[in-house]
There are 2 protein chains.
Amino acid sequence: VGEWFRDAGVDAVTVSSVEMAASFACHGWRDITVAFPVNVRELREIDELAARIRLGLLVDSAASLAALSGGVRSRVRVFVKIDTGYGRAGISWNRTEEVADLVGRIRSADRTDFAGLLTHAGHSYRARSTEEVLSVHRRSIERLSHLARELEGPGPRDFEVSVGDTPTCSVADDFPGVDEIRPGNFVFYDLQQLAIGSCRAADLAVAVACPVVGWTPDRSSVVLYGGAVHLSLAVLHPAGERPVYGRATHLAGASFGPPDVTSAVISLSQEHGILAPGKDTAGRPGPGDVVLLFPAHACLTLNLHREYRTLEGRILRRG
Amino acid sequence: VGEWFRDAGVDAVTVSSVEMAASFACHGWRDITVAFPVNVRELREIDELAARIRLGLLVDSAASLAALSGGVRSRVRVFVKIDTGYGRAGISWNRTEEVADLVGRIRSADRTDFAGLLTHAGHSYRARSTEEVLSVHRRSIERLSHLARELEGPGPRDFEVSVGDTPTCSVADDFPGVDEIRPGNFVFYDLQQLAIGSCRAADLAVAVACPVVGWTPDRSSVVLYGGAVHLSLAVLHPAGERPVYGRATHLAGASFGPPDVTSAVISLSQEHGILAPGKDTAGRPGPGDVVLLFPAHACLTLNLHREYRTLEGRILRRG
């Protein structure tokens, strides 16, 4: 999948783990950012990567920075991870002095170059409309820009401002003062993104092909060979409905049709998926039939499979 | 792990997928039951296994049986999957005629031997006390025994009765009329089993070692390198508490200590876990420290890792 993007002229990639960075480096990528607070238990792996590629890392504390600076032999690019409202990780955008202190340490430490300020406005995932996503986006950019101005010297800015989450990057047109965006989920999208308003149904690009193995004892639902080990337990919470782990779709020419919103995967155990059939699956599918399911969260679903198959029949193997 | 059981004299195993059966067969197991309704899209893999081992399979419809019987060249043992109240899969225990019809088809079809009646009383997972588990157990066994008597001929019974779910098998002492039990989770147990009353804290035998990478922006919680791709999204729903994805423990001599019930993993994203620290983790762990987490559901967590490490330092690699 990375090769499709490289063919389109993309030459830098953001990943979520050092392991994934190593895999992309093996496939020839030379500019990789690991968008996760540096894990100082992986300094050996980080050091090996830093010798081979332009490596970007995230820190949010002097303790992590000190361990990193002391643990690598090649230069690494260090972003300060900023929280603009999500609340998960990083230094809060309004702690200017704390950020300035850390930036100073990065600039003066051995083998670390200050790359810039980086945020992930993951609270966009709680939005339920395009307008809500845009509101998160504007507020996040404003906060990050404010902080960047506070840190700027008298000359031109010598660091980057990096943002990225699929909802805001999908919906927003303006990224004032931003140097790079790092969405990931947009490659495939999923039912959660559709519910947020990040994409249209026609953008959903991955489904899990689940063999039918029977019906529930009360004959109300289809039993699929498609459980938590195939889909993950990620859910949608549609208003007025039970949690939904996936919805059926079908092949429509060379593409997927829209999700059948009258269908729902209502229960998952390790290997079993229970599908309340909708209009597309109402024709009593039986053993040997296959139901295509759009997952709630494509990232976790893709992580559970080592191979993927394109609609043209090509097999893609994971790094 | 299978070898520990083989060393203790166990020579038959139940698995949840054909892929897992193939893996156990590669490691010398010769009596394997796949406790999942037969997926007739895997007849080639099933046929290869059936040529090598004593293979047990589950059916709950004439359609699956016909496809199976026509698709294998070696004999297979066929259990009829019975539902005794869980409601997930199988034929309801009180549909005697439907079961008798299917048993007759198995007995007369090519290459299929009737092995017996099999159930999984998975509704025991909804119990919240030993007494509730025992109540599920007694009712399930009664229903299965009733059906078995209806199917018996005048001579001695020539088929097996197979039950198995970790809660009932952990708690019950009496299994009247039952020939085999098939619990799985008991190998490691987890926080869900502890909440059900299936095990004691001292029985919890698997934890995930998660490096600390920092603190949340408000400094209330620890950020761990331990997300949904390491733990799975399986949760506990403790009364009066938010959903809990895991709890901290610590090493106590050659074993794990009890879960710190004052700690809780309160949020998971792909790679991040957010731990509200308890008494054991209140000492502000920092980057480079490691927190041991008991998972909510060991099966899904173990599925996400290719390697495990014993407390003696031995590395176990998955089949």
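The buried residues of helix α6 in chain B pack against β4, α5, β6, β7 (160-163), α7 (166-171) and α8 (191-196) of chain B, where contact means heavy atoms within 4.5 Å. This is a predicted model, in which local features need pLDDT of at least 70 and side-chain atom pairs count only at pLDDT 80 or more, while totals for chains, interfaces and linings use all residues. Residues are numbered from 1 along each chain as its sequence is written, chains are lettered from A and ligands numbered from 1 in the order in which they are written, and side-chain values use heavy atoms, with hydrogens and water left out.

**Helices of chain B**

- Helices (H or I, at least four residues) and strands (E, at least two) are DSSP runs, numbered from the N terminus.
- Helix α6 (residues 130-151) of chain B has 22 residues and reaches 32 Å from its first C-alpha to its last, close to the 32 Å expected at 1.5 Å a residue, the expected span being 1.5 Å times one less than the number of residues.
- Among the buried residues of α6(B) are B:Val133, B:His137, B:Arg143 and B:Leu151; buried means under 20% relative accessible area, exposed means over 50%, and partly exposed lies in between (1.4 Å probe, protein chains only).
- In helix α4 (residues 62-71) of chain B, the residues B:Ser64, B:Leu65, B:Leu68 and B:Ser69 are buried, and because they cover an arc of only 125 degrees around the axis, they are on the same side of α4(B).
- The face of α4(B) turned away from that buried side carries the exposed residues B:Ala66 and B:Gly70.
- The partners of the buried residues of α4(B) include β9 (208-215) of chain A as well as α3 (43-50) and β3 (54-59) of chain B.

**A sheet in chain B**

- An open sheet of six strands in chain B has the order β11-β16-β9-β10-β15-β14, with antiparallel pairing, and two strands pair if DSSP finds at least two bridges between them.
- Strands β11 (246-249) and β14 (264-268) of chain B stand at the edges with a single partner strand each, so one side of each is left without a neighbour in the sheet.
- Strand β10 (residues 222-225) of chain B is joined by four bridges to the antiparallel strand β15 (residues 272-276) of chain B, and B:Tyr225 stands opposite B:His272 in β15(B).

**Single residues**

- A:Thr33, placed in strand β2 (residues 31-37) of chain A, is buried with a relative accessible area of 5%.
- Not counting residues up to four places away in sequence, A:Thr33 touches several residues, including A:Val13, A:Phe79 and A:Leu118.
- Most residues other than glycine have a negative phi.
- A:Ser232, although not a glycine, has a positive phi of about 80 degrees, and this residue counts as buried at 7% relative accessibility.
- B:Arg284, also not a glycine, has a positive phi of about 50 degrees and counts as partly exposed at 49% relative accessibility.

**Salt bridges**

- The structure holds 31 salt bridges over all chains, a salt bridge being a side-chain nitrogen of Lys or Arg within 4 Å of a carboxyl oxygen of Asp or Glu.
- A:Glu98 forms a salt bridge with A:Arg95, with the closest N and O atoms 3.2 Å apart, and A:Arg95, A:Glu98 and B:Arg219 are linked in a network of salt bridges.
- The side chains of A:Asp158 and A:Arg107 meet in a salt bridge (3.1 Å, N to O), and this pair links distant parts of the chain, 51 residues apart.

Notes. The arc is that of the directions from the helix axis to the C-beta atoms.
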